[in-house]
Amino acid sequence: MWTGDWWCDKQKQLPKGATIAPVILASDKTCLSQFRGDKSAWPVYLSIGNIAKKNEGRFTDSSTIDETVLKWSVPTRCPFWANLPHTDIFLAFTPDLLHQLHKGVFKDHLVRWCLEIVGEAEMDARFKAIPDYPGLRHFKKGISAVKQWTGTEHKQMQRVFIGLLAGAVPSQVLLRTHTSDTLEYLENALVVFHANKDILHELEVHGHFNIPKLHQLSHYVQSILLYGTTDGFNTELPERLHIDFAKEAYRASNKRDYEEQMALWLQRQEAVFLRNSYLEWLSVQSQSATIAGHADHDHNIDSGSDSEMEDLQFESRAAPAKAPPVIGQYVLHVLAKAPAHPRTSVQQLITAHGAVSFLPALKLFLHKHIPKNCIVPGPQDRIDVFRQVVIVALPDPQVGESPRQWRIRATPEVPPGPGRKPGFPAKFDMALINNGGRTTNIQTLDGAQVAQVRVIFTLPRQFGTYSRALAYSEWFTPFREPDPFSGLLQDGTIHQPRVDKRKRL
């Protein structure tokens with residue numbers, strides 16, 4: 001919240017030495033019993049705006065400092081905020097991404113309107129046709145038959161919804177807007193929507209637009225200017241806290257007089273947390289003293305050069321918190337310590353991976369990058385093949401402090417085994433690749449081209465030494481002009497295979 005205008009304005013009104021500690025309250029009904037549904041509670045979650053967003057909602061950080069289970073309501077004659085200084089109750093109603101956008105405007109209205117225009121069968125067919133991709137949910141059965149949705153599923157739908165509707169709805173429905181996060185573009189997008197919303201009335205999809213959640217969008221810019229980004233006060237956080245503070249506490253009770261038992265259980269959990277935090281603090285203090293005692297012996301240690309760090313191969317299944325370090329402006333390509341399929345035959349790459357031009361592409365690569373090689377690759381050669389590569393890049397300061405990661409898979413189909421052992425479909429992911437010497441513009445994708453990765457492998461030793469792993473990819477045709485209605489770039493068919501160093505945006 002400290003990035004918003006409200007914080008600065010209030011700080012100027014306070015006396016010298018005063019500190020702002022904004023209180024964030026959230027309350028929502030939750031069902032405690034799993035099957036009968038007759039036990040419910042209204043937990044009240046209290047936190048403060050001084051806590052970083054990445055720590056909010058983490059039970060181990062105790063960032064939510066209190067919880068109360070309400071059993072009754074007390075009528076009040078005078079509003080509690082009437083005599084509070086620096087208080088404007090109307091500014092206390094902030095945007096709610098979960099209920100207003102994901103479950104409100106998008107799911108309850110936008111998806112329903114588009115279903116009436118496109119039809120359930122066509123909409124399901126388009127969701128099924130979207131290829132599988134890491135981090136992107138594949139709705140293999142469509143969406144019309146799903147009865148209960150979560151906020152996560154709504155966000156997954158939104159990531160593909162514009163491209164999915166292209167060519168299926170009238171141009172007035174699918175408006176071209178700027179893909180920018182600035183508030184100016186947000187306001188422009190709302191103006192364009194209201195100027196064209198009558199198309200839904202003309203198509204007899206919806207009769208009026210007196211929708212409170214739709215009206216709330218007009219206040220988003222003001223709230224963002226005052227309090228910062230909307231994910232800082234999204235009700236998706238207290239929805240998750242229901243599990244840690246309400247449902248787990250109820251399961252620990254004997255299901256009778258559970259309110260008092262839940263409160264006692266939470267107090268004991270807090271005591272255990274504080275004790276563990278104290279012990280961890282003592283451990284850190286002890287380690288710091290030990291390191292300080294040996295500091296004079298450590299100043300000559302050399303950690304290695306940037307180029308050496310770039311060529312290291314790390315275990316791809318490492319935890320996110322232990323991701324390999326990103327050095328300077330380099331991009332790390334992370335492989336497993338050992339190939340998943342060592343000594344794979346070239347014929348297997350052709351049949352299982354679909355790398356029909358593997359040998360010609362490999363010959364061309366050797367001629368260009370290892371001209372002193374005299375050995376001609378052939379069907380007798382064996383290749384060490386990896387399932388995937390994880391690409392780690394510098395953090396984007398506009399998004400977060402964690403390194404950015406992408407996973408590209410190149411795995412053939414696994415047929416079903418004996419008994420009930422299931423098989424797995426082939427997964428050959430697409431990648432954006434810097435094509436040639438031009439500088440790639442990530443906003444316009446100038447200098448980038450789409451390729452489908454078929455094989456990730458290391459060069460056999462008989463052909464010479466090459467420090468990086470390689471990838472056999474099949475190029476799509478260059479991007480055409482953007483679609484005039486959606487603004488999305490259009491691509492064509494695969495037209496040229498290639499073996500190259502791994503390069504991805």
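1. Ile-391 has Trp-406 of strand E9 as its bridge partner, and this pair belongs to the antiparallel arrangement in which strand E8 (residues 388-393) is joined to strand E9 (residues 404-411) by 6 bridges. Strands here are DSSP runs of E with at least two residues, helices are runs of H or I with at least four, and both are numbered from the N terminus; two strands pair if DSSP finds at least two bridges between them.

2. The model is a predicted one, in which local features need pLDDT of at least 70 and side-chain atom pairs count only at pLDDT 80 or more, while totals for chains, interfaces and linings use all residues. Residues are numbered from 1 along each chain as its sequence is written, and side-chain values use heavy atoms, with hydrogens and water left out.

3. Strand E9 also pairs in the antiparallel sense with strand E10 (residues 427-428), over 2 bridges, and Lys-427 in E10 is the bridge partner of Thr-411.

4. The axes of helix H5 (residues 183-196) and helix H8 (residues 220-227) come within 10 Å and cross at roughly 165 degrees, the axes being lines fitted to C-alpha atoms over the stretch in contact, with angles running from 0 to 180 degrees between N-to-C directions. The contact (heavy atoms within 4.5 Å) is made by Leu-183, Leu-186 and Glu-187 of H5 and by Tyr-220, Val-221, Ile-224 and Leu-225 of H8.

5. Glu-122 and Arg-126 meet through their side chains in a salt bridge of 2.8 Å, N to O, a term that requires a side-chain nitrogen of Lys or Arg within 4 Å of a carboxyl oxygen of Asp or Glu. Both residues lie in helix H3 (residues 120-129), 4 residues apart, about one turn of the helix.
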